[in-house]
Amino acid sequence: DSLLTQCRYKPVANQVEAHPALPQDALQSFCESKGIKLMAYCPLGLGMGTNMSEGLIYEPAFVKIATDNGFKSAAALCLQWSSQKGFICLSKSVTPSRIAENAATPLGGLSEEVLKQLKAYRSEEH
């Protein structure tokens with residue numbers, strides 16, 4: 001709130017780390033109430049400076065949720081979750097097959113069962 005009272009122009013987007021393990025629910029509610037969209041930074045849960053072979057999309061329990069529910073990859077589950085949350089989500093890749101997979105990921109439409117599994121995943125220690 002203090003930023004909004006001090007800025008000349010209201011922000012239209014807030015870029016924050018957001019993925020199924022860090023959903024940013026409270027911040028999203030606040031931003032929506034002010035007409036600000038959230039932009040998902042690090043939507044695959046990899047993080048800055050992280051070894052690219054580590055992160056959410058490589059966590060065995062998360063990969064199991066994706067494969068058990070018919071997703072092509074854990075990354076596809078992350079991107080579909082981000083779109084369902086209404087986040088602006090720009091995934092980066094230099095690999096043509098991953099770019100094609102990302103572009104083919106459906107927008108939203110996750111089942112209640114998948115959402116329940118993701119919530120349970122967040123409540124467990126990883």
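The buried residues of helix H3 pack against helices H4 and H6. Helices (H or I, at least four residues) and strands (E, at least two) are DSSP runs, numbered from the N terminus. Contact means heavy atoms within 4.5 Å, and a residue is called buried under 20% relative accessible area, exposed over 50% and partly exposed in between, with a 1.4 Å probe and protein chains only. The model is a predicted one, in which local features need pLDDT of at least 70 and side-chain atom pairs count only at pLDDT 80 or more, while totals for chains, interfaces and linings use all residues. Residues are numbered from 1 along each chain as its sequence is written, and side-chain values use heavy atoms, with hydrogens and water left out.

Within H3, the residues Phe62, Ile65 and Ala66 are buried. Viewed down the axis of H3, these buried residues fall within an arc of 95 degrees, so they line one face of the helix; the arc is that of the directions from the helix axis to the C-beta atoms. The face of H3 turned away from this buried side carries the exposed residues Pro60, Thr67 and Asp68.

The partners of H3 can now be taken in turn. H3 and H4 pack at an angle of about 80 degrees, and their axes are 8 Å apart. H3 is therefore roughly perpendicular to H4. Axes here are lines fitted to C-alpha atoms, for helices over the stretch in contact, and angles run from 0 to 180 degrees between N-to-C directions. Angles under 35 degrees count as roughly parallel, over 145 as roughly antiparallel, 65 to 115 as roughly perpendicular and the rest as oblique. On the H3 side the contact is made by Phe62, Val63, Ile65 and Ala66, and on the H4 side by Ala74, Leu77 and Cys78. By class, this contact of H3 with H4 has seven nonpolar, no polar and no charged residues. In this classification Ala, Val, Leu, Ile, Met, Phe, Trp, Tyr, Cys and Pro count as nonpolar, Asp, Glu, Lys and Arg as charged, and the others, Gly among them, as polar.

With H6, H3 packs at an angle of about 175 degrees, the axes being 11 Å apart. The two helices H3 and H6 are therefore roughly antiparallel to each other. Ala61, Phe62 and Ile65 of H3 make this contact with Gln117, Leu118 and Tyr121 of H6. The residues of the contact of H3 with H6 divide into five nonpolar, one polar and no charged.

H4 and H6 also pack against each other, at an angle of about 105 degrees and with their axes 12 Å apart. That makes H4 roughly perpendicular to H6. Here Leu77, Trp81 and Gln84 in H4 meet Val114, Leu115 and Leu118 in H6.

In soluble globular proteins, nonpolar side chains tend to be buried together. Leaving aside residues up to four places away in sequence, phenylalanine 62 touches Pro20, Leu56, Ile57, Ala74, Leu77, Cys78, Leu118 and Tyr121.

Attention next turns to the loops. Just after H3, glycine 70 takes a positive phi of about 80 degrees. Phenylalanine 71 lies in the loop between H3 (60–68) and H4 (74–85) and is buried, with a relative accessible area of 16%.

Cysteine 42, in the loop between E2 and H3, has a phi near 60 degrees, a positive value in a residue other than glycine. At 12% relative accessibility, cysteine 42 counts as buried. Glutamine 24, in the loop between strand E1 (13–17) and helix H2 (25–33), also has a positive phi near 60 degrees. Glutamine 24 counts as partly exposed, at 22% relative accessibility.
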